[in-house]
Each structure stands twice: as C-alpha cells, then as structure tokens.
Amino acid sequence: MRFDSLLDSLGRTPLVGLPRLSPSADVRLWAKLEDRNPTGSVKDRPAFYMISKAEKEGLLTPGCTILEPTSGNTGISLAMVAKLRGYRMICVMPENTSAERRQLLEMWGAEIVSSPAAGGSNEAVRVAKGLAAQNPDWVMLYQYGNEANALAHYETTGPELLDDLPTLTHFVAGLGTTGTLMGVGRYLREQRPDVKIVAAEPRYGELVYGLRNIDEGFIPELYDDSVLTTRFSVGSKDALRRTRELLEQEGIFAGISTGGALHAALGMAAKAVKAGERADIAFVVADGGWKYLSTGAYGGTLEEAEAALEGQLWA
Amino acid sequence: MAIEVRIPTILRNLTGGDKAVEGKGGTLDELFGDLDTRHPGLRDRLVDDKGLRKFVNVYLNDEDVRFLGGLETSVADGDSVTILPAVAGG
C-alpha cells in the first residue's frame with residue numbers, strides 16, 4: 001500500500017481472527033489492530049479529526065498552541081499531528097502514567113504539565129480547564145466532549161469493521177473518553193439494529209478513585225448510555241491475565257487495556273455459547289504493549305505484575 | 001452466605017474504615033436499605049429521589065447495574081457488589 005504521507009496512511013487497520021481463543025466455529029473473536037496506526041494507537045483517528053475540525057472552523061491557525069488533558073495516547077497522537085502542522089502542543093497528564101508515554105510525548109515535541117496522581121484523569125481535566133481559562137488564546141480540543149472524537153469512529157472505524165465482517169454481532173471496546181464506543185456503536189446500530197455494544201471500563205487501584213467528594217466525579221460529555229448494551233468493570237488482574245493470554249495464544253502483543261476488552265469479549269462469547277447462538281465478536285486492540293514494558297506487565301507472576309500496576313493508569 | 005459490598009475510599013468514613021461490608025436483600029434497593037441500618041447515611045450517599053446518584057457507579061459481579069435493572073436489580077447470596085465514583089479515563 002502506498003500513501004502520500006504518514007497521515008494519509010491512518011486507519012484501514014487489519015481485523016484478525018483469534019482461532020485459538022475463539023470458543024467454536026460459530027462463536028468467533030476478532031481483533032481490530034489499532035496499534036497499526038501512525039503513532040501506534042487508536043487515538044490517531046480522533047486526534048486527526050479533532051485537529052482537522054478545528055482548522056476548518058478557523059480555531060486553529062499556524063503557530064497556535066493546543067492544550068489537552070490526556071493520560072497518554074491522545075496526547076501522543078495530537079503531538080504528532082501538531083508537529084506536522086506547525087502547532088505548539090501542551091499535554092496535562094497525571095503523574096502516575098508510564099515513563100514511555102512521557103518519552104514519546106517529548107519525542108514528538110509536546111510539553112508536559114503533570115497533574116497529581118490522586119484523582120487520575122479527573123485531576124488532569126481540572127488542571128487543563130484552569131490553564132485554558134488563564135490562557136484564552138490556547139485551543140483545548142477536549143477529547144471528552146468533542147463530537148469529532150466520536151465522529152472519527154462513526155465515519156472510519158465503524159464502516160471498516162462492517163466491510164471486513166458483515167456478520168458482526170458484538171462490538172467490544174475500552175471505555176475512556178467513550179468516543180470509540182459512541183462513534184462505532186451509533187454506526188453499527190444504524191446498520192445492524194440487533195448488534196450488541198459492550199464497554200470494558202478499566203477498574204484501577206484505589207488511588208485513582210481518591211476524590212475528595214463524590215460530587216467531583218466525572219462523566220464525559222460524549223457519553224450516551226443508550227448506545228451501549230452493557231458495561232463491565234475490569235480489574236487490573238483480569239486485564240493483565242487476558243493481555244498475556246492474547247500474547248501466548250495468538251501472538252498479539254497488546255497494551256493492558258486491550259486485555260480488559262478481551263476479558264469482556266470472552267464473557268460475551270461464553271454467553272453466546274451457553275445460549276447456543278452464533279456470534280462474531282470484534283474488539284479493539286487500542287495499542288501495542290511497547291509503552292507498558294516498564295510497568296512489569298509482561299514478566300514475573302500475575303500477582304507481581306498486578307502489584308506493580310497498583311495506582312497506575314494503565315488504559 | 002451474604003452479599004459482599006466493596007466500598008470506595010471516599011465512603012469508608014461510614015463503614016468504620018472497612019473496605020468491604022456484607023448485607024442482604026432481594027434487590028439492590030433492599031441491600032442498600034439493609035446496609036443503611038448498620039452504616040447510617042450510606043444509602044443517602046448512593047441514592048437520591050431519582051435513583052442512583054449521577055456520579056455513583058454500582059457493579060453487580062463486574063456488570064454496571066444501570067444496564068441490568070438499576071435499583072431493582074435482583075441480587076442473591078454469593079453476589080459481589082462494587083461501588084465506585086465515576087472518574088475520567090482516556
């Protein structure tokens with residue numbers, strides 16, 4: 001395949017079957033390899049859409065500064081596009097994220113403002129909103145509320161899935177900004193009204209839920225629960241176990257949030273088997289494992305890996 | 001046997017610091033009512049007159065109860081209920 005530039009190569013990622021992890025010939029699992037995007041994650045799609053939309057609307061002009069709260073992947077994608085388009089990029093990132101994410105952001109020229117570990121991404125959002133208020137000329141694309149985030153998936157990821165798998169019955173993805181699930185989910189529901197849309201929400205260590213008050217909770221503006229069929233909370237131990245199974249059984253080296261999505265996908269597969277129903281279950285490999293090597297996720301016992309992840313934002 | 005309920009840090013002032021408590025009931029609503037008799041004030045932090053509070057997420061065996069039956073979701077001995085505040089991902 002030939003493309004005019006790196007950005008032109010975005011999307012059209014492979015959908016690969018999992019012959020060993022699929023329970024039967026009638027109940028099959030399929031992995032959408034979003035690590036095969038320019039910066040190695042699914043976030044390249046919304047980043048490109050959000051920047052393009054802001055350019056069209058005249059919000060972003062050459063030399064502008066982009067500000068974004070991000071636990072990593074969105075920031076990395078935005079930094080890459082910003083570098084190519086001539087924008088300054090500032091990321092607000094919780095301090096409890098992996099070292100590789102910081103290195104990658106700096107490599108693509110982003111400046112990093114750290115937010116406190118306690119409260120996780122909630123704090124990053126709060127700090128970024130404060131900075132945006134102090135610097136009105138900066139452009140905050142705000143992935144949690146930007147329709148272009150979900151639109152990227154409605155217009156690209158969703159159609160790609162159905163093109164490759166017209167018999168699709170389930171779609172499973174990690175829940176963060178909710179953009180992937182909202183965009184793909186809406187598209188698939190229009191095309192296949194009976195499709196099941198399943199969210200796998202990471203359940204972190206207690207530090208991340210260390211809010212001062214329950215009213216400080218956060219729900220992304222993009223989130224619409226009517227798009228989902230159901231939503232599972234997946235702890236770090238299950239996510240790690242599935243991440244390792246994917247590597248062992250199918251050779252796919254994925255990040256830890258992918259293990260969470262696989263865990264929910266396998267749960268839906270087991271239900272389909274029990275009910276005697278046919279199923280083609282597609283789930284998102286949001287990124288590869290490279291950025292998580294320093295977390296110890298892939299070596300030692302599961303218990304050691306789980307202990308090492310305590311308090312880290314792994315999705 | 002009873003139903004295990006995992007309590008988030010932010011609500012442990014109501015459970016004497018306990019990370020998990022046990023309760024009984026046929027529905028989530030009854031379970032919260034039962035817990036409130038031993039941990040007064042807990043129910044009010046989870047539920048308002050419209051149902052589950054906006055920033056409170058409750059999971060029955062890891063599945064979000066909003067997609068099951070909300071407060072009317074059936075629960076049984078041996079189930080595990082997890083309460084968490086809604087936080088940002090991404």
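Predicted model: local features only at pLDDT ≥ 70, side-chain atom pairs only at ≥ 80, totals over all residues.

Start with chain A as a whole. Chain A has 9 helices and 10 strands. Its radius of gyration is 19 Å, close to the 20 Å that the globule rule gives for 315 residues, so chain A is as compact as a globular protein of that length. Along the principal axes, the C-alpha atoms of chain A fill a box of roughly 60 × 40 × 40 Å. Of the 315 residues, 56% count as buried. If you take the contacts in chain A between residues at least 6 apart in sequence, 72% of them join residues at least 24 apart.

Next, the domains. Where they meet, 20 residues of domain 1 are in contact with 17 residues of domain 2. The domain 1 side of that meeting has 9 nonpolar, 8 polar and 3 charged residues.

Now the core. In soluble globular proteins, nonpolar side chains tend to be buried together. Here the largest nonpolar core has 121 residues. Which of them have the most contacts inside it? They are A:Phe171, A:Val172, A:Ala173, A:Ala200, A:Ala265, A:Ile281 and A:Phe283. Helix α8 of chain A, residues 256–275, gives the most to this core, with 9 residues. Both domains of chain A take part, each with at least three residues.

Take A:Val172 as an example. Leaving aside its neighbours within four places in sequence, A:Val172 is in contact with A:Val198, A:Ala200, A:Ala261, A:Ala264, A:Ala265, A:Met268, A:Ile281 and A:Phe283.

Last, the contact between the chains. How many residues does each chain bring? Chain A brings 32 and chain B brings 20. On the chain A side, the elements that give two or more residues are α4, residues 120–134, and β9, residues 230–235. The largest share, 5 residues, comes from β9 of chain A. By class, the chain A side divides into 15 nonpolar, 13 polar and 4 charged residues.

That is the tour; questions are welcome.

Note on methods:
Residues numbered from 1 in each chain as written. Chains lettered and ligands numbered in written order. Contact = placed C-beta atoms within 7 Å. Helix = DSSP H or I, 4+ residues; strand = E, 2+ residues; numbered from the N terminus. Nonpolar A, V, L, I, M, F, W, Y, C, P; charged D, E, K, R; others polar. Core = buried A, V, L, I, M, F, W, Y, C linked by C-beta atoms within 7 Å. Buried ≥ 20, exposed ≤ 12 C-beta atoms within 10 Å, placed from the backbone. Domains from an automatic or database assignment. Rg over C-alpha atoms; globule rule 2.2 N^0.38 Å.
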